[in-house]
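Trainee: I would like to learn how to read a structure feature by feature. Could you take me through one, giving the general idea and then the case at hand?

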Protein chains: 2
Amino acid sequence: MAIHTDKISVEKSKTSKIGNVDFSNLTFGREFTDHMFVCDYEDGKWQNPKVIPYQAMSYEPSARVFHYGQAVFEGMKAYKDDDGKVFLFRPKQNFDRINKSSARLAMPAFPENYFFEGLETLLKLDNEWIKPGVGNSLYLRPFVIATEPAISASPANMYRFMIICSPAKSYYNSAVRVLIAEHFSRSANGGVGAAKAAGNYAAQFYPTSLAQQKGFQQIIWTDADTHTFLEEAGTMNVFFRVNDKLITAPTSDRILDGVTRKSIIQLAEDLGITCEVRQVTVEEIKNASKDGSLKEIFGAGTAAVISPISAFEHHEELFEIAEVEDSYAKKFKQTLLNIQHNLSEDKHGWRREVK
Amino acid sequence: MAIHTDKISVEKSKTSKIGNVDFSNLTFGREFTDHMFVCDYEDGKWQNPKVIPYQAMSYEPSARVFHYGQAVFEGMKAYKDDDGKVFLFRPKQNFDRINKSSARLAMPAFPENYFFEGLETLLKLDNEWIKPGVGNSLYLRPFVIATEPAISASPANMYRFMIICSPAKSYYNSAVRVLIAEHFSRSANGGVGAAKAAGNYAAQFYPTSLAQQKGFQQIIWTDADTHTFLEEAGTMNVFFRVNDKLITAPTSDRILDGVTRKSIIQLAEDLGITCEVRQVTVEEIKNASKDGSLKEIFGAGTAAVISPISAFEHHEELFEIAEVEDSYAKKFKQTLLNIQHNLSEDKHGWRREVK
């Protein structure tokens, strides 16, 4: 049965998979809701946005995404409060960023009304998949891929924009141990590190697998030239707490402009915590660890929210970070979750209710 | 009708599209032959290689290639001589390189026998698509994509290896004008520039589109740190001829180890032409242009074979390169094409006949 909203055509799923999902035992990104949003770009414009049952789709083997990596994505979450109200968190940031990512990869911008109406239509249809309770969320994955069936190495003329939704618990549950990059790099000056480009992620898998073999879950990337400056962790931005001061790297064309990152910078200001946004060297953090002034390191990202980091290694030297009483990581995480779940005042207007 | 070779199952196409193709007027990478090779990786191994009719296939929206860019490819060509014999050119180089690319992206190696039996089975079935005559070829595109339907940011457990084939003329027919990169970059030290990773290509499209708006077809990339050293052109390695000497950048983790590149280095040695493999600066080439010692610049790659470069721009200064009588570019192109098309001796054993 196909019904039509103003712009988005809707075909409802005849059955729901929700009964098969164990919400208390979710693996990130493996279960998807009953519906998805699809909009194709052809003849110079985005055509017929639609919400249809979640399903596999057919692609030519020459579809350009398979060959030249024209693919960008976003990560966002929907939250439900105890009254059943559904909220997004700063979704305009994600909308702006996916178009920024697309522009860097020579892909067309997506219209704002389609983006939000697509999200809202999906969230209404799959409302039951959003579970209340802090820590529960529905992870939303907008993405764009080049579908044109031709393997010339140039921007495609056909794209597909999709949103799929996956019920989630917080991504990393326990503190992570990280390796500081000394040889491999995530991105170049003048490259695509600031874009949520698909290829940026595959590029990290091999170095990360080497780190994992050494007992570390993640890598903190450094600048490719000198490996002197601490940048980001690939799926998270990174904050360092030295005594009572926070430090985080400035965004650049190498570093993703994270929504959680910028929210923490604002929350720090609200809480009267100094947050320096500046280049931070590996040496500085090692020295701070040695003299006892390094109190915390934590990652910040939509999937992980806030991930405390309990140890880092550099030049075969391991630095452990003891838990602190008044953890900033915990404070920021709780503050963010309370805002996201409509449990506290939203003085910056970050929540957007889905009605 | 499915017949079986030793290892590869074959399902022949019932009809051929070949009658619809205008072989005198081909656009690169837009027409594909009647068959394709497919082999899926699951449960820790490559399963059931098969040749089937060229067709679209179904992918989950969560297939990891769409999100994290785990995708690598190769470019190779098959040639036919006037006796109808079919040849590949140094195909072991491509086989080795696709596995090297895969390793860098944490993807599994593909078995050598499947690779070559797949190619040979395809080339026999689609033999009519390989046209004799210098300049004609069948472009072969092996590629591997991550198909696992789960969006966790980690290496996939399921992949698809495919080979598709597209009839081709030489890629760039006339001399190209290039811009020297001053702001944007192709790859980082410690990055994936040496891999034929899908994401490397999308990353170049936007800067290249800016270059095209200025009247240049391609960019010669420079090192991301200082933009001082000339590296490669994204789809081609680059050679500079200063007086009678050739210079080309050494391969590195930023520069692709091109098969045409290494063949030219060998041919130069055969012809008694000095070829220096060393870092080459923008300044050096600008100075050589100014003092008249810069005789040629040309790109070298499988798709383009050899592309003479007729002008380059750097810091808004345009340098034109006049055509020379005894063009190395022409000489290398002819020598390569003669070897590839079985028109001359093959002293290095580069041809591999497909029987």
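This is a predicted model: local features need pLDDT of at least 70, side-chain atom pairs count only at pLDDT 80 or more; totals for chains, interfaces and linings use all residues.

Trainee: Let us begin with the overall division: into which domains is chain A divided, and what separation do their centres have?

Mentor: Chain A is divided into domain 1, residues 2–168, and domain 2, residues 176–340. The centres of domain 1 of chain A and domain 2 of chain A, taken over C-alpha atoms, are separated by 28 Å. To their contact, domain 1 of chain A gives 21 residues and domain 2 of chain A gives 21 residues.

Trainee: How much area do domain 1 of chain A and domain 2 of chain A bury between them?

Mentor: The size of an interface is often given as the accessible area lost when the parts come together. Here domain 1 of chain A and domain 2 of chain A bury about 1,800 Å² between them, with 62% of it on carbon and sulfur atoms. On the side of domain 1 of chain A, the residues that lose the most area to domain 2 of chain A are Phe73(A), Phe89(A) and Arg97(A), which together account for 32% of what that side buries.

Trainee: Which feature does UniProt place at Lys196(A), and is that residue buried or exposed?

Mentor: The UniProt record, an unreviewed entry, places "modified residue: N6-(pyridoxal phosphate)lysine" at Lys196(A). Lys196(A) lies in the loop between strand S11 (176–180) and helix H4 (198–213) of chain A. Lys196(A) counts as buried because its relative accessibility is 11%, and the cut-off for buried is under 20%. Leaving aside residues up to four places away in sequence, the residues that Lys196(A) touches include Phe73(A), Arg97(A), Tyr201(A) and Leu256(A).

Trainee: Now to strands. How many bridges join S3(B) to strand S4 of chain B, and in which sense do they run?

Mentor: In a regular strand the side chains alternate between the two faces of the sheet. Strand S3 (residues 35–42) of chain B is mostly covered, with 7 of its 8 residues buried. S3(B) is joined by 7 bridges to strand S4 (residues 45–53) of chain B, and the two run antiparallel; Glu42(B), for instance, stands opposite Lys45(B) in S4(B). S3(B) also pairs with strand S10 (residues 159–168) of chain B, in the antiparallel sense and over 5 bridges, with Val38(B) opposite Met162(B) in S10(B).

Trainee: What should I look for in the phi angles of the turns?

Mentor: Most residues other than glycine have a negative phi, and most peptide bonds are trans. In the hairpin of S13(A) and S14(A), which has 2 residues between the strands, Asn243(A) takes a positive phi near 50°. S3(B) and S4(B) likewise form a hairpin with 2 residues between them, and Asp43(B) in the turn has a positive phi of about 50°.

Trainee: Is Asp43(A) buried or exposed, and what about His315(A)?

Mentor: Asp43(A), found in the loop between strand S3 (35–42) and strand S4 (45–53) of chain A, has a positive phi near 50°. Asp43(A) counts as exposed because its relative accessibility is 73%. His315(A) has a positive phi of about 50° although it is not a glycine, and its place is in the loop between strand S17 (305–314) and strand S18 (317–320) of chain A. His315(A) is exposed, with a relative accessible area of 52%.

Terms used
Residues are numbered from 1 along each chain as its sequence is written. Chains are lettered from A and ligands numbered from 1 in the order in which they are written. Side-chain values use heavy atoms; hydrogens and water are left out. Buried means under 20% relative accessible area, exposed over 50%, partly exposed in between (1.4 Å probe, protein chains only). Helices (H or I, at least four residues) and strands (E, at least two) are DSSP runs, numbered from the N terminus. Two strands pair if DSSP finds at least two bridges between them. UniProt positions are given in the numbering used here, feature names are shortened, and annotations may be inferred rather than shown by experiment. Contact means heavy atoms within 4.5 Å. Domain bounds come from an automatic or database domain assignment. Buried area is the accessible area (1.4 Å probe) that two parts lose on being put together, summed over both.
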